[in-house]
Amino acid sequence: MALTGVENLARLPELKKKLLWTFVLVAVYRIGVHGPVPGVDSAALADFFESAKNTLFGLFDMFSGGGLRNLSIFALGIMPYISASIIIQLLTVVSPELAKMQKEEGAAGRKKITQYTRYGTVLITIIQGFGIAVGLESMASPTGAPVVLAAGWGFRLMTILTLTAGTVFLMWLGEQLTEKGIGNGISMIIYAGIVAGLPRAVLSTLDLLKAGELSLFVLILIVALMVAVLAAIVFMERGQRRIPIQYAKRMVGRKMYGGQTTHLPLRVNTAGVIPPIFASSILLFPATIGEFSSVPWLKDVAALFSPQTITYNVIFVALIVFFCYFYTAIIFDPNDIAENIRKQGGFIPGIRPGAKTKEYIDKVLARITLWGSMYISIVCVLPMMLIHEFNVPFYFGGTSLLIVVGVAMDFMSQIESYLISRQYEGLMQKGRIKGRQ
């Protein structure tokens, strides 16, 4: 009997344990979001964010799971770690030593790269923490109340230390989620932060609808747009290009092996939700510094990187396309795939094994990655522009929809794979026991 349904969790204690770890660690993250940094007037800061919810601050607050709104210990979220990962990955392309460390040294090399990423995360967090502390000292609520109660180096050092400790703890929490829970820990943290903001967004929308500031027609149109985007994401995330592979018959001893036909599935969106997250983090880093700075030309630069501007969206699309190809090249090596197919006695019909197979796979992957990058760009940019035009009272664009749907689908697929693998192992064990009897 197939293992399907929630009732099967009772039969798999390991899966229950992983799910419990996932929920506990995510709950720890959500509790930490409500721990404020000392020396800040929470009411004044909340008023400021209420007046800036459709700007860059609203976007950054979404990725931090609402932590920036009350300047919690997790205000910077996991974005510094993502920024450090981007820098290290780019350096592996231009640095032969890092490339050798990643490919040839195995687990030890990857461990060193992870350590460098952690150091980079701390450095980025210190820089961003200092910028936030200085910016907060010059900020005030719309009523004129200062955000910082006692400005000075004491507040700056406390803010840097608190935000750095919070980000490092989140980095560790993400690693624990990946190891002990289900799914990618970093993606789960971002997912939890976005989903946690939904109830507040729905309530604020209903309040504006009751007050007459938002028409029912516009609300229905926005909901229909979100449903259409969700359907498109689910359809595209399941899209594949299947390359047929034929295995030749071969004689091993007195038995004939091979002769079957299978396929190599290439996803349309091989990179997943990583490109928009990477692109957003890169755009947020300089723009956030500009927003908190008192230098006029830095503020002008930050204004160009506001999510509703053409400059922001053009650069955003370009970065998404770049990271789609970049991340796909990192996680999928056509040369290794072609070599494995050749070693197993397989070939693509009409394509010679070896270098020609690698070139063919590379060509197909490049073509579908282009379509995948266009799909991600449309999903991330179009809803954001339309929602801005209709003045929706919260930021919930295509990037967040892509992350929510992508992480949820990955989470469910991993649970399904775990159930199937344990069912297969159980059947094999039953077969061995029966054979012994």
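Biologist: Which residues does M236 touch, not counting residues up to four places away in sequence?

Modeller: Contact means heavy atoms within 4.5 Å. With residues up to four places away set aside, M236 touches V268 and Y375. This is a predicted model, in which local features need pLDDT of at least 70 and side-chain atom pairs count only at pLDDT 80 or more, while totals for chains, interfaces and linings use all residues. Residues are numbered from 1 along each chain as its sequence is written, and side-chain values use heavy atoms, with hydrogens and water left out.

Biologist: In which strand is L264 found, and what does L264 contact?

Modeller: L264 belongs to strand 4, residues 261-267. Its relative accessible area is 13%, so L264 is buried. Apart from neighbours within four places in sequence, the contacts of L264 are R241, R242, I243, I245, I337 and I361. P244 lies 20 residues from L264 along the chain, with 6.4 Å between the two C-alpha atoms.

Biologist: At what angle do helix 7 and helix 8 pack?

Modeller: Axes are lines fitted to C-alpha atoms, for helices over the stretch in contact, and angles run from 0 to 180 degrees between N-to-C directions. Angles under 35 degrees count as roughly parallel, over 145 as roughly antiparallel, 65 to 115 as roughly perpendicular and the rest as oblique. For helix 7 (residues 153-180) and helix 8 (residues 185-196), the angle is about 115 degrees and the axes are 7 Å apart. The two helices are therefore roughly perpendicular to each other.

Biologist: Which residues meet between helix 7 and helix 8?

Modeller: From helix 7, L170, L173, G174, L177 and T178 meet G185, I186, M188 and I189 of helix 8.

Biologist: Which residues of helix 13 are buried?

Modeller: They are Y312, N313, F316, L319, I320, F323, C324, F326 and T328.

Biologist: How many helices and strands are in the protein?

Modeller: The protein has 16 helices and five strands. Of its 437 residues, 43% are buried.

Conventions:
Helix = DSSP H or I, 4+ residues; strand = E, 2+ residues; numbered from the N terminus. Buried < 20%, exposed > 50% of the residue type's maximum accessible area, 1.4 Å probe, protein only.
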